[in-house]
Structure formats: C-alpha cells, structure tokens
Amino acid sequence: MSRHGWRIALFLFLLTATNGFLQPFVPIYMSGSGLSATEIGLCLGIGTGLALLVQPILGRLSDHFDSRRPFICLGAVVAGAGYCLYPAAHGFASFLILTAIAANGTLYLNAAGGVLVGRMVRASRGGEAYARLRVWGSIGYIIVSLLTGFLLTLHGAASLARSDLDLLFHTGPLLFFGIAALAWWLPDARTQVAERAGQSNSLSRNLRRFLFAFFLYSFALYGAFPYLSLYLKQLGAQPIGITLTFAGGVLAEVIVMSRIGVLSDLYGRRPALMLAFIVLPIRLLLYVAAPGPDWVAATNLLHGLNFGIVGAVSIAFMNDLAEPGGHGRAQARLAAVLGLATAAGPAVFGALSQQLGMRGMFASAALVGAAGAVAFVLTVEESHPGSKPLSEACPRVLRGACRLLDAKPIWMPGAD
C-alpha cells in the first residue's frame, strides 16, 4: 500500500473505531438517562436529519475550494466535542442538541472518506480501492468494541446503568481529535481546472432510482438497528455479549469487504448490491424469531452481506456516476439521503417499538427493507460499464442464482 493509501486507511481506522463504542451504547446510555424509545428515536432522527441541510452545503464548499482537509478537521472536532459533552446531558433537549452536532460531523467524515478514495484511483478499480482501505475501519471497530465490552465487564458494569457508561464518553471521543490532527496529512490532490469547468448539478435517472432504493434500505436498517442493543439487553445479554454481537457482525463485514470490491470491479456493482438488498429483510425477520441473545448474535453475522457490500460498493457506485471534479457533491448526496433515512427511521421505529414491541418493530422494518429490494431489483441499472457477467465465472451449481443477479432491471423508463 502506498503512503497515501496508509494515511487514508488510518483515517478510516480511527473513524470507524468510534462506532465501536457509540453504536452499541448510545441508545443504552440515553435509555439509562430516562429517555423513552420514542425520545431516543427522535434524538437520533432529528439530530441526523440536519444532514439534509448541512451535508450538501459542505460537499459544495469542499468542491468549490477543492480541499477536504479543513472540513475533515472541523467535522472531527465538532463530532468529538458533541460526544464528549454527553455526560453533561440530562433530558431530551440536551441529548437532541448534542446528537445533532455530533452526527453531522460524523456524517461528513464518512462522505469525505469516499471522496478521497474516489479522487485517488481510476474508476475501473474504485470498488477494490475503497474496500481494501475501508477494511481497516472495520478492524478499528472490532478492536474498540471488544475493548469496550471487556473494560465494562472488568468494572462490573453488568447493569449497564448510565454511571457505568460515563467513562466511555470521557475517553472514546478522543479518537475524533486524533482524526482532526491526521486531517492535515491526508492526500487531497487538486482537481484540474478543465475538469471543474464541466460540472453540472443534474442527476441521472439511474442515480435517482438508486438513491430512492438506498433510502428505503437505509430507513429499514438504520431505523431498526439502533434498538438492537436494547433488544439484546431485554433478552438478558451481558455487556461483553452485546459487544461480541456487534463485533461479530463487523468481522463478517471484514471478510466480505476484503473481496467484494475487486469482485464489483470485475462483475459490476449491481449484482453485489442486489444481494445485499435481498438479504436485509431476511435478516430483520430473523431478529423477530430470536429466542435469546445467541440467536441475535448469529443473525447479526449477516451484517457482512449488508454493510460489507453496501458500505463499499455504494461509494464506488456514486463515484462511477460522479462528474469530473464532482465527487464531493456525489458523496454529499449519498450522505444526505442516508441522513434523511437515519433521521426518519429511528423516530418511526422507536414509536413502533413502544406500540408493537421490539419484535413488531423489526417485522415492520423487514417490510420496508423488502420494498427497497423490489425498487432496486426492478429499476436500478449497472453503473460500471466495463463489468463482465457474473454467471460466466461462478461454479455450475450457482449459475442459476448468478444469472438472476446478472439480470437487467425490468423497469427502465427511458434513457438518461
């Protein structure tokens, strides 16, 4: 790996490592502070919903000044400060404000990672390059989540009360300040003036259709996923069990992501993404049937076929369709759609969990995920024109399934 590649890999390592303590324990921390499931959903939802206003502006500004480093530094400082102040928060309003601040910093950092890779590599190898670097982020997540679970168990924090978790928010957000320092050493070559001159604000039909399907997918997954740790606690899981469940999913993600990038470069983005979209509603229904935490832990391994694919290939899909010099706007659009989904999803599913219980909530999410899968399969076209049919390379026993993944969308209303 080149020195530029290692710097981006370290950036992704630190960034995704923050989720190792945030993802499992932010909902539990809010619950321990007296917030209801509906209030937790509103905090996560409204806070992230500001991405609809903030992320496109940041994307345009970073493209206008043709520099991501200052914005990465600012985003990291903002996110770190927001989460550092969690122990001072009491009540819905204070958690809402801090989550809004922190979530927007984090969302920009995720979008910027895709931009940096997209500008560094040729489009024909965009999937391989991003996946190869993003794997280091997953490794960071596994290390921090397991370390967090071990420390909580060591300190006898089996009850997972708010006071047990204060330490996480005194120390974990320091990772963001490490990102702020690293920002000034990240590779960020300037775009040629001739490339910037041809930029347009138009969206292709294929891109619009993908973003619609991606919204439904993200609404289902990231609307329901914040409640997984609360569901595990309800089923009697201990702190180390909760972190092992999340870490197991990310380990599966590492295995899939280490190969899916190069496979999507060879055989296209659509077959890989189609598989991820189809797996999601199945995974959500399996949560409904869980008799105990071990079942949930096993089901969560399917995260490898969800984020392990979508986390890398959606970035490559957007970079495929981005205009020269417009990678910032392309990734900002993806981040904005993700922001809308993760704004509305937790609020809706938080309310549903109070009305229908956790199992009813996951079943409702499965219906939305199924709608996203149908939208993708029927309407979204391949973004990588140099790809080969997957069915030509797969074993004979899998050829029928591979032909289904190779199939073109049924509904293609006109050319772009």
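Colleague: How many cavities of 30 Å³ or more does the structure hold?

Modeller: There are 2 of them. A cavity here is a set of points on a 1 Å grid over the protein atoms alone where a 1.4 Å probe fits but cannot get out. Volume is the space filled by probe spheres set on those points, joined across faces, edges and corners. Bear in mind that this is a predicted model: local features need pLDDT of at least 70, side-chain atom pairs count only at pLDDT 80 or more, and totals for chains, interfaces and linings use all residues. Residues are numbered from 1 along each chain as its sequence is written, and side-chain values use heavy atoms, without hydrogens and water.

Colleague: What volume does the largest cavity have?

Modeller: About 1,100 Å³. It is lined by 40 residues (an atom within 4 Å of a point). Closest to its centre are Asn 19, Gln 23, Asn 110, Tyr 222 and Leu 338.

Colleague: Which element gives the largest share of that lining?

Modeller: α1, with 8 residues. Helices are DSSP runs (H or I, at least four residues), numbered from the N terminus.

Colleague: And by class, what is in the lining?

Modeller: The lining has 25 nonpolar, 13 polar and 2 charged residues. Asp, Glu, Lys and Arg count as charged; Ala, Val, Leu, Ile, Met, Phe, Trp, Tyr, Cys and Pro as nonpolar; the others, Gly among them, as polar.

Colleague: New topic. How many salt bridges are there?

Modeller: The search finds 3 (a side-chain nitrogen of Lys or Arg within 4 Å of a carboxyl oxygen of Asp or Glu). One of them pairs Arg 209 with Glu 381, the closest N and O atoms being 2.4 Å apart.

Colleague: Where do Arg 209 and Glu 381 lie?

Modeller: Arg 209 is in helix α10 and Glu 381 is in the loop between α16 and α17, so the pair ties together parts 172 residues apart in sequence.

Technical notes. 1 Å grid on protein atoms, 1.4 Å probe; cavity = no way out; pocket = protein on both sides within 12 Å on 5 of 7 lines; lining within 4 Å. Helix = DSSP H or I, 4+ residues; strand = E, 2+ residues; numbered from the N terminus.
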